[in-house]
Amino acid sequence: MRPGAVALAVSSLVVLGAGPPAPVPALPSRMADTGGGTQLITAVAPRRASTTGTVTWWDRGPDGRWVKRGSVPARFGANGLAAGASRKQGTNTTPTGLYGLPYAFGIKAAPRGTAYTYRRVRQDSWWCQDDDSRSYNRWSEPRAADCRAAESEHLITFSAQYAHALVIGFNYERPVRGRGAGIFLHVNGRGPTAGCVSVPKEAMRRILVWADPARRPHIAVGTKSGITAVTRR
């Protein structure tokens, strides 16, 4: 055997015995924060300018591992995504970040098995987006006197989109005027949204049946990379 051949043979055996690469951890395991609950929805777009991407919902088991429960194509704002902390109202961008899901609502009855508080949309149901109103970024029924109709959404007029929806807690707890209002996870319309995240109708129903408020679900909205990436490590 030539000098050095033994070393080469040993090296080859090491490479051959190395085995397959370690699997990539589930997306939630690569996030800096998932909200502390045991359910999570991720809404991820390829880039900030994207109007489409993927919504996936996850359960965390007793062993701490996240398991994918469903995944569907999603739509985002007509002008893509923007960092939630600096987003401006009226820009048709979907705010990135990690948010709670305060309650569900819909024009149609809640799917059987829905555990979330579910508010039915009525003829006089509005979502106030008027910066000057005390009801800014809140459900208003009937529409508050200081909330202009031209600056609000008459919910019942969005028969497809708001058949079923979950409120996304963006700018919700302590609303900042001009940051944005009325950001929901809802059923697809005809195209991109005005800033919400949307999914196919049947997927929205599945998410409502799956979501359990006792498990503190959150939604993480972001991109695959860059400063608005949904992962931080």
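1. N171 sits in the loop that runs between β11 (165-167) and β12. Strands here are DSSP runs of E with at least two residues, helices are runs of H or I with at least four residues, and both are numbered from the N terminus. The phi of N171 is near 55°, a positive value in a residue other than glycine. N171 has a relative accessible area of 10%, so it counts as buried. Buried means under 20% relative accessible area, exposed means over 50%, and partly exposed lies in between, with a 1.4 Å probe and protein chains only.

2. A word on the source. This is a predicted model, in which local features need pLDDT of at least 70 and side-chain atom pairs count only at pLDDT 80 or more, while totals for chains, interfaces and linings use all residues. Residues are numbered from 1 along each chain as its sequence is written, and side-chain values use heavy atoms, with hydrogens and water left out.

3. N137 also has a positive phi, near 60°, and is a residue other than glycine. Its place is the loop between β8 and β9. N137 is buried, because its relative accessible area is 2%.

4. A cis peptide bond links E141 to P142, with omega about -5°. P142 belongs to the loop between β9 (138-140) and β10 (152-154). For background, most residues other than glycine have a negative phi, and most peptide bonds are trans.

5. C128 is part of strand β8 (residues 126-128). Its relative accessibility is 0%, so C128 counts as buried. C128 and C147 lie 19 residues apart in sequence, and their C-alpha atoms are 6.3 Å apart in space. Leaving out residues up to four places away in sequence, C128 touches several residues, including C147, N137, R138, E151 and A181. A contact means heavy atoms within 4.5 Å.

6. The largest nonpolar core has 30 residues, and those with the most contacts inside it are I41, V55, L166, I168, L185 and V197. Such a core is a set of buried Ala, Val, Leu, Ile, Met, Phe, Trp, Tyr and Cys residues joined through side-chain atoms within 4.5 Å. Elements giving two or more residues to this core include β1 (39-45), β2 (52-60), β3 (66-75) and α2 (201-210). The most comes from α2, with 5 residues.

7. V197 touches A43, V55, A74, I168, F184, L185 and V221, among others, not counting residues up to four places away in sequence. A second, separate core of 15 residues includes Y103, F105, V121 and W127.

8. On the whole chain: it has 2 helices and 14 strands. The radius of gyration is 22 Å, whereas a compact globule of 233 residues would have one near 17 Å. That radius is taken over C-alpha atoms, and the globule rule is 2.2 Å times the number of residues to the power 0.38. The C-alpha trace spans about 95 × 35 × 30 Å along its principal axes.

9. Buried residues make up 47% of the 233 residues. Of the contacts between residues at least 6 apart in sequence, 61% join residues at least 24 apart.

10. The chain carries 32 positive and 14 negative side chains, and the centres of the two sets are 10 Å apart. Lys and Arg count as positive, Asp and Glu as negative, and His and the chain ends are not counted. Each charge is placed at NZ of Lys, CZ of Arg, CG of Asp or CD of Glu.
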